Amino acid sequence: MAATDSLIQKIGKAVKEVAKSRSSEWWYTPHMAAASHAVAERIPLVDLVLEVRDARIPLSSEYLQLRKFLSSSRRIILLNKMDLANRSQTKEWMRFFEEHRCMAFAVNSHNRDNIKEFLTFLQARVRELKKKDDHSHAITLMLVGIPNVGKSALANSLHQVGRIAAAEKGRLKHSVVSPQPGETKSIGSLKIASHPNIYVLDTPGVLHPNVADDEVCSKLALTGAIKDTLVGEIELARYFLSILSLSDEYRKWEKLSLTNEGISGLDKKQYPTDHTQDFMVNNVRQTLYNAISSFTGCIENTENLARLVDEEFEFLLKIFHLPLKSEAFNNYCRFCT
Ligand SMILES: Nc1nc2c(ncn2[C@@H]2O[C@H](COP(=O)(O)OP(=O)(O)OP(=O)(O)O)[C@@H](O)[C@H]2O)c(=O)[nH]1
Ligand SMILES: [Mg+2]
């Protein structure tokens, strides 16, 4: 998409700069190298590998190290965070993987019914495996993937809906889930079914040692596989706003019930305070909807798109009560010129 090219290049360049400097927070951290080795050692030992990808970027979030290991019959691709992806595009991706003879399943780790359905699918797969290989031992599945795609959330959800005794659920520890990439540092095991016993291994997220191309870097940064601070939060926000402005997604927000005055214009008594965040989200959406739909220039043109994004930025700074000329924003403007 030509209008976003310069942002993609900037983000790609920022990631490459960090990778070159090899600071403690670079693209491929020492703990990733160790984890990559540990995961590779276990691949031949486990019964199935569940490769978790981000449903919004199913190709860019591939765990590339798997390519050299597996026949597709021992791998299931999971498109996690399906709730954040476009539904019809996810269906197309599922068809794509089917055509490429890859087993794939779209999931939302936060949705209990969806996870139950997935567990049933897994148990059926395990029964097939047992028929073929006559396993008498417990079955082990391993979750692998790049950082922040939801491996630990999925491991916990499978354990929580797991077909195991209540006492086993209480005793076992859970994986730590975090919005920051790189949270899981070691391999952990959770039981998810009995008769036969099925265990799932949660593993640390690992990127490929070679830095990806600019567009992949940008997508990984935007969806949270790379720390925002590594890339530059303002570039990322601009990249997100550009994609949003060029897509039709914002049109869904037309009918939001907030007034143009936003939260400050609401009768706060009507709304319980613990829902403030929902109203903030609605307020942001409505503001962006108004900014994009009232913009008159052709946004396929790079300069016009940049102008629209500037306007959106100003509106957002107002909503969040941030100073219009913050130091970071000034530095960014200097960087752009
Ligand atoms: N909306 C949504 N968020 C999800 C889903 N699955 C996980 N998340 C969120 O994504 C973030 C990352 O989840 P984790 O489970 O910690 O990801 P991870 O792959 O284990 O990350 P690392 O341990 O860093 O490799 C958390 O904020 C989760 O709550 C999902 O299906 N939908
Ligand atoms: Mg994790």
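Trainee: Which residues does the UniProt annotation "binding site" cover?
Mentor: Keep in mind that we're looking at a predicted model. The annotation comes from an unreviewed UniProt entry. According to that record, the "binding site" covers Asn80, Lys81, Met82, Asp83, Asn108, Ser109 and Gly205.

Trainee: Is Asn80 buried or exposed?
Mentor: Asn80 is found in strand S2, residues 75-80. A residue needs 20 or more other C-beta atoms within 10 Å to count as buried. Asn80 has 27 such neighbours inside 10 Å, so it's buried.

Trainee: And what about Ser109, buried or exposed?
Mentor: Ser109 is found in the loop between strand S3 (103-106) and helix H4 (112-133). Other C-beta atoms within 10 Å of Ser109 number 25, so this residue is buried.

Trainee: Which helix gives the largest share of the shell around ligand 1?
Mentor: Of the 24 residues around ligand 1, those that come nearest are Gly150, Ser152, Ala153, Thr184 and Gly205. The largest share of that shell is 3 residues, and they come from helix H5.

Trainee: What is the mean pLDDT of the chain?
Mentor: In this chain, 84% of residues reach 70 or more. Over residues 259-273, though, the pLDDT is below 50. The chain's mean is 85.

Definitions and conventions:
Residues numbered from 1 in each chain as written. Chains lettered and ligands numbered in written order. Predicted model: local features only at pLDDT ≥ 70, side-chain atom pairs only at ≥ 80, totals over all residues. Near = placed C-beta within 6 Å. Helix = DSSP H or I, 4+ residues; strand = E, 2+ residues; numbered from the N terminus. pLDDT = per-residue confidence, 0-100. Contact = placed C-beta atoms within 7 Å. UniProt positions renumbered as here; feature names shortened; annotations may be inferred. Buried ≥ 20, exposed ≤ 12 C-beta atoms within 10 Å, placed from the backbone.
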